[in-house]
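Work through the exercises below with the model at hand, and check each step of the solutions against the coordinates.

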Amino acid sequence: MDSRLPLYGTWIGTILAFYFSRNAFEAASSATAWNAAVFQQVSGSLCYGYRHQ
């Protein structure tokens, strides 16, 4: 049992890292999309009505 304990800990750590990294990726992705939308609105208003086509 003593020799398998580090193996179990490694597997549990891998599963936890996968779970939390997935949540962090989803949060970063949605924040990036929101920032891009805000940037487009701000850059559009800075062009004094000029719209890029």
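**Exercise 1.** Determine how many aromatic pairs there are by the ring-centre rule.

*Solution.* Rings of Phe, Tyr and Trp (its six-membered ring) pair if their centres lie within 6.5 Å, with planes under 30 degrees apart counted as stacked, over 60 as edge-to-face and the rest as tilted. The count by this rule is one aromatic pair. Tyr19 and Phe20 form this pair, edge-to-face, at 5.2 Å centre to centre and 75° between the planes. The model is predicted, with local features needing pLDDT of at least 70 and side-chain atom pairs pLDDT 80 or more, whereas totals for chains, interfaces and linings use all residues. Residues are numbered from 1 along each chain as its sequence is written, and side-chain values use heavy atoms, without hydrogens and water.

**Exercise 2.** Classify Tyr19 and Phe20 as buried, partly exposed or exposed.

*Solution.* Buried means under 20% relative accessible area, exposed over 50%, and partly exposed in between (1.4 Å probe, protein chains only). Tyr19 has a relative accessible area of 41%, so Tyr19 is partly exposed. Phe20 reaches 53% and therefore counts as exposed.

**Exercise 3.** State which helix holds Phe20.

*Solution.* Helices (H or I, at least four residues) and strands (E, at least two) are DSSP runs, numbered from the N terminus. The protein chain has one helix and zero strands, and Phe20 lies in helix H1, residues 5-46.
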